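Thank you all for coming; please have a look at the sequence and the model on the screen, and then I will walk you through a few local features.

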Amino acid sequence: MRTPFHAGLLGLALLAAATLPAQATALKTLNGQAPLVVAHRGASGYLPEHTLAGYELAIKMGADYIEPDLQLTKDGHLVAMHDTTLNRTTDVATVLGRRNNGYRVADYTLAEIKQLTVKPTGTGKTSYPGFTPSSADALRVPTFAEVIQLAQSQSALTGRTVGLYPEAKIADPLMEDKILATLAQHGYGKSSDAVFIQSFSLDTMKNIRAKQQSLGMSLQQVFLGNSASSSFADIAQYVNGIGPSINASGANAVTESYIQAAHAAGLLVHGYTFAQANAGLAAAQYDKYFGWGMDGVFSNYTDLAVSARNELMAAVPEPSSYALMLSGIGLLGWVARRRRHTA
Ligand code: G3P
Ligand code: CA
């Protein structure tokens, strides 16, 4: 017979359940962890891409990882730059002029490139309201080492680990060696370190994996591109994840089943490029891919990606919430049984 006491127990259990977020669902990411926000070329929607200013702003906006694309200078230094040429993003044409009928990074020394200023592109500007970069050379072309040092100093300052997501932009053994050597010099080498090395070249990924093994390193790697799901098992021999374009269409478009197939092969999925500047449209886009279990997003607007990720996490119950609710219900059941026994 249901007594007022039993009704009270039921009410308490329902109350406990109701304290969980209404739309609570489990994360569908490979490891059940929050999706990562990767600052694509820094805060490239706001400030000049691949600059210390842009990386620092992205960190302040909450980026988990900053993404330097890497090129090699004439004298063998790694610099953060997307293009193989300097003219789209810098004032090389007026400061240094052409070399060999063009502006290839590989035709200029680091000392020369350091004379250049990086220009804003797309929706970027030269400054961001309320933000003053800590570096005096915030809009110069940074070396990879300078990007790493920024991540490390900002990690110390903020108390959270800022990860690195370097991309080998050219298939070149020297670049492979330099990326690994620079990371090792700065203390990175373990799979648990906050580093993903990425490339569009599977050969580069294979080479870097082999070189890591011979150096006793095990940093995570991501192969870029919209590989067919039939090749996921092969790719998974060399890398920890894939980085597909979210703009691809057809058989290799990024869908929920595409992400599930990658996960089944043990691959993380970090999609690029989230470039939607409108907050409402961006939120809907992130929600879609997060809902499908995407493990990370390359975003030009770190603040919008972080906001969407935080909303997602607020709607996901902590495992401890379930445990608390179940133990509460268990306790109520035990009390009820005790009362029946002693009645
Ligand atoms: O590396 C992921 C994404 O950044 C690839 O696009 O051309 O901006 O390097 P891209
Ligand atoms: Ca890139």
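When I speak of helices, I mean DSSP runs of H or I with at least four residues, and strands are runs of E with at least two, numbered from the N terminus. This is a predicted model, in which local features need pLDDT of at least 70 and side-chain atom pairs count only at pLDDT 80 or more, while totals for chains, interfaces and linings use all residues. Residues are numbered from 1 along each chain as its sequence is written, and side-chain values use heavy atoms, with hydrogens and water left out.

Let me begin with helix H6, which is followed by Gly187, a residue whose phi is positive, near 95°.

Within H6, Met175, Glu176, Ile179, Leu180, Thr182 and Leu183 are buried, where buried means under 20% relative accessible area, exposed over 50%, and partly exposed in between, with a 1.4 Å probe and protein chains only. Seen down the axis of H6, these buried residues fall within an arc of 165°, so they line one face of the helix; the arc is that of the directions from the helix axis to the C-beta atoms. On the other side of H6, Pro173 and Gln185 are exposed.

Now to Asp64, which sits in the loop between helix H2 (52-60) and strand E2 (65-67). Is Asp64 buried or exposed? Because its relative accessibility is 16%, Asp64 counts as buried.

Conventions:
Chains lettered and ligands numbered in written order.
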